Amino acid sequence: MSRKQSFILYADVATKLELLDMVQRGKLMTAIFAFANSWDQKAVLATVEDPLVEMMFLFISESMLREKEKWELVCQKRSEAGKASAQKKKAAKEAVPVRDEETCTEM
């Protein structure tokens, strides 16, 4: 599966962001994007020095992980459905008798 190119950030985070100053917000956003690219929570946390930024990052990254797990489940179900559909089409195609148009008999 290709690398996931997006993530969900819920609007209710905005009220919590108001508790941070602009520098902290910048550090938080940097950590969020680093996490979205690596999905390595411990490595990103090691780069965060501010306790408030660290706490906000933990809340947001946990939410991102939950959403990523949901997405992976959706992808898995779609893949299984696609494989089942392909097998069904293949079986139906194999079951259709081929007719010789000249003699009008099945081959």
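**Ground rules.** I number residues from 1 along each chain as its sequence is written, and I use heavy atoms for side-chain values, leaving out hydrogens and water. Since I am working with a predicted model, I ask for pLDDT of at least 70 for local features and 80 or more for side-chain atom pairs, while totals for chains, interfaces and linings use all residues.

**Overall layout.** I started with the secondary structure and found four helices and two strands. I take helices (H or I, at least four residues) and strands (E, at least two) as DSSP runs, numbered from the N terminus. Read from the N terminus, the order is α-α-α-α-β-β. Next I looked up burial: of the 107 residues in the protein, 20% are buried. Here buried means under 20% relative accessible area, exposed means over 50%, and partly exposed is in between, with a 1.4 Å probe and protein chains only. I also checked contacts (heavy atoms within 4.5 Å). Among those with a separation of 6 or more, 59% join residues 24 or more positions apart.

**Helix 2 against helix 4.** How do helix 2 and helix 4 pack? I find residues 22–38 and residues 51–95 at an angle of about 35°, with the axes 10 Å apart. The axes are lines fitted to C-alpha atoms, for helices over the stretch in contact, and the angles run from 0 to 180 degrees between N-to-C directions. The crossing is right-handed; that is the name if the near helix is turned clockwise from the far one by less than a right angle, and left-handed is the name if anticlockwise. From helix 2 I listed Q24, K27, L28, A31, I32, F35 and A36, which meet L52, V53, M56, F57, I60, S61, M64 and L65 of helix 4. Sorted by class, this contact holds 12 nonpolar, two polar and one charged residues. I count Ala, Val, Leu, Ile, Met, Phe, Trp, Tyr, Cys and Pro as nonpolar, Asp, Glu, Lys and Arg as charged, and the others, Gly among them, as polar.

**Q24, one of the contact residues.** Is Q24 buried or exposed? I have it as buried, at a relative accessible area of 12%. Beyond residues up to four places away in sequence, Q24 touches L19, D50, L52 and V53.

**Aromatic pairs.** My search of the whole structure gave three aromatic pairs. Rings of Phe, Tyr and Trp (its six-membered ring) pair if their centres lie within 6.5 Å; planes under 30 degrees apart are stacked, over 60 edge-to-face, and the rest tilted. Why is the pair of F7 and F33 edge-to-face? The planes stand at 70°, with the ring centres 5.4 Å apart, so the pair is edge-to-face. F7 sits in the segment before helix 1 (13–17) and F33 in helix 2, so this pair ties together parts 26 residues apart in sequence. I note F7 as partly exposed at 24% relative accessibility, and F33 as partly exposed at 44%.

F35 and F57 also form an edge-to-face pair, with 5.6 Å from centre to centre and 90° between the planes. This pair links F35 in helix 2 to F57 in helix 4, 22 residues apart. F35 is buried at 0% relative accessible area, and F57 is buried at 0% as well.

**W39.** Ring pairs join F35, W39 and F57 into a cluster. I place W39 in the loop between helix 2 and helix 3 (41–47). Its phi is near 55°, a positive value in a residue other than glycine. K68 lies over the face of W39, 4.9 Å from the ring centre; I call a charge over a ring if NZ of Lys or CZ of Arg is within 6 Å of the ring centre and within 35 degrees of the ring normal.

**E67.** Last entry: E67 lies in helix 4 and counts as buried at 16% relative accessibility. Setting aside neighbours within four places in sequence, I find E67 in contact with I8 and Y10.
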